[in-house]
Amino acid sequence: MRLGIYIHWPYCRSKCPYCDFLSYVKKNVEQSVLVDGYLSDLEYYRSLNDEYKVDTIFFGGGTPSLLEPKQIERILDKIIGLWPTADNLEISLEANPNSQYPTLFEDLRQSGINRLSLGVQALNDKDLKFLGRTHDMKEALSAIDLVKKNFDNHSIDLIYARPEQTVCEWKKELNQVCNLGLKHLSLYQLTIEEGTVFSQKGIKPAAEEKAAELYNITTQILADFGYEQYEISNYAQKGYECRHNLGYWHGDDYIGIGKGAVGYLHIGDKILTTTHPRQLTEVLPTERAEELLIMGLRLNEGINKRRFERHCGIKWQDFVCQQQINELIKENLVTETSENIKATSNGRLLLNYVIEKICV
Ligand SMILES: C[S@@+](CC[C@H](N)C(=O)[O-])C[C@H]1O[C@@H](n2cnc3c(N)ncnc32)[C@H](O)[C@@H]1O
Ligand code: SF4
């Protein structure tokens with residue numbers, strides 16, 4: 001059975017005002033001691049199930065590019081020693097531009113990382129400042145250049161639908177981004193999360209209509225440059241989809257290591273979610289089914305009904321209301337075959353409505 005492993009590194013150089021991911025700003029972290037804990041957690045999860053083959057590993061954060069490459073190597077060596085691994089193991093890492101460490105990307109590649117996702121967020125200095133980033137545009141462009149030199153499989157993250165951002169500005173920025181020749185792009189609309197500095201300052205997200213307009217322009221421009229959308233916020237040149245995230249959206253099993261990591265495992269006939277430290281909680285098949293529906297409809301390929309049944313143990317037709325699906329089909333919000341159901345591009349803009357109608 002295929003397995004993903006997610007390694008969460010919760011430390012950052014500073015806290016961005018929009019971010020509600022679990023992260024701490026702390027200097028002098030005892031990396032080797034923390035990684036010792038990661039290694040013993042890996043051993044623990046290995047002991048729970050003998051049937052897995054590791055297909056993808058993802059270092060996420062926080063800022064995992066602050067993790068010393070020698071610590072990354074320790075983690076990778078451990079995983080490879082514990083599990084059989086796929087021949088084309090995908091090993092991704094999220095990095096922040098960091099000009100204080102000029103050989104960062106070379107060192108990351110040497111440590112075994114083979115897919116690099118760079119958090120750029122904006123390609124102009126005014127918005128980078130607004131987003132509270134520690135890098136400017138010059139640093140971002142030079143980091144992108146180094147990423148391209150050191151990796152074949154690369155991606156950047158951008159946040160759009162920023163307050164005051166005009167359609168014209170976003171089109172210009174997107175064209176510039178597409179001309180960088182990256183294999184993958186993750187483009188997220190800014191959300192204002194409770195408890196963040198942005199929320200405390202009363203910053204408002206883009207109005208719904210404006211956000212929809214920006215989204216439509218985004219998919220159009222990216223398609224012109226040969227990027228295929230495969231999930232609401234993710235676009236890739238052919239063959240460069242993030243396999244780790246696809247596994248997650250499909251509902252495949254994965255182990256989560258590190259403070260903010262969760263995991264999903266099948267053990268015997270039980271579905272378990274895991275949280276740090278080694279907390280295993282049984283999940284009801286109906287709860288998992290709902291999650292699979294929410295994640296699957298974000299994907300352009302939609303939901304494969306057999307996989308859905310395999311992962312949650314509930315027959316598709318017993319979970320959904322077929323009459324509601326028929327109405328959604330008439331409204332041109334979903335399409336359905338005997339194998340599969342997917343949201344149309346209109347449906348993806350009204351996903352909450354679609355999900356509510358399908359699961360009753
Ligand atoms: C785990 S986070 C950060 C990774 C990395 N530390 C960085 O800052 O680039 C992954 C991505 O989520 C996105 N993100 C975080 N907070 C967001 C928000 N409030 N709205 C939209 N996108 C957000 C950013 O694009 C970010 O790169
Ligand atoms: S966006 Fe990235 S760098 Fe900024 S606080 Fe969140 S995890 Fe840290």
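In which strand is Asn-234 found? The views below come from a predicted model, and the opening one gives the answer.

**View 1. Asn-234 sits in strand E10.**
Strand E10 covers residues 234-236, and Asn-234 belongs to that run. Is Asn-234 buried or exposed? Its relative accessible area is 2%. Buried means under 20%, so Asn-234 counts as buried. Leaving aside neighbours within four places in sequence, Asn-234 touches several other residues. His-184, Leu-185, Ser-186 and Tyr-188 are among these contacts. Glu-228, Gln-229 and Trp-249 are in contact with Asn-234 as well.

**View 2. Residues surround ligand 1.**
How many residues surround ligand 1? The shell holds 16 residues. The closest are Gly-62, Gln-121, Arg-133, Asp-157 and Thr-191. By class, the shell has 5 nonpolar, 8 polar and 3 charged residues.

**View 3. Polar atoms of the protein meet ligand 1.**
A polar backbone atom of Tyr-18 lies 3.1 Å from a nitrogen atom of ligand 1. For Gly-62, a polar backbone atom is 2.8 Å from a nitrogen atom of ligand 1. Asp-157 uses its side chain: one of its polar atoms there is 2.6 Å from an oxygen atom of ligand 1. How much of ligand 1 does the protein bury? Taken alone, ligand 1 exposes 560 Å², and the protein buries 91% of that. Which elements give two or more residues to the shell around ligand 1? They are strand E6 (115-121), strand E7 (153-160) and strand E8 (184-189).

**View 4. Ligand 2 has its own shell of residues.**
Cys-12, Ser-14, Lys-15, Cys-16, Tyr-18 and Cys-19 are among the residues around ligand 2. The shell also includes Ser-23, Gly-62, Thr-63, Asn-96 and Arg-133. How do these residues divide by class? The shell around ligand 2 has 4 nonpolar, 5 polar and 2 charged residues.

**View 5. Aromatic rings form pairs.**
The model has 13 aromatic pairs. What kind of pair do Phe-308 and Trp-316 make? Their ring centres are 5.0 Å apart and their planes stand at 85°. Planes over 60 degrees apart count as edge-to-face, so Phe-308 and Trp-316 form an edge-to-face pair. Both Phe-308 and Trp-316 are buried.

**View 6. Ring pairs build a cluster.**
Which residues do the ring pairs link? Trp-9, Tyr-11, Tyr-24 and Tyr-38 are joined into a cluster.

How values were computed. Residues numbered from 1 in each chain as written. Chains lettered and ligands numbered in written order. Predicted model: local features only at pLDDT ≥ 70, side-chain atom pairs only at ≥ 80, totals over all residues. Heavy atoms only, no water. Helix = DSSP H or I, 4+ residues; strand = E, 2+ residues; numbered from the N terminus. Buried < 20%, exposed > 50% of the residue type's maximum accessible area, 1.4 Å probe, protein only. Contact = heavy atoms within 4.5 Å. Near = heavy atom within 4 Å. Polar contact = N/O pair within 3.5 Å; in protein donor to acceptor, adjacent residues only side chain to side chain. Areas by Shrake-Rupley, 256 points an atom, 1.4 Å probe, with all protein chains shown as cover. Nonpolar A, V, L, I, M, F, W, Y, C, P; charged D, E, K, R; others polar. Phe/Tyr/Trp six-rings, centres within 6.5 Å; stacked < 30°, edge-to-face > 60°.
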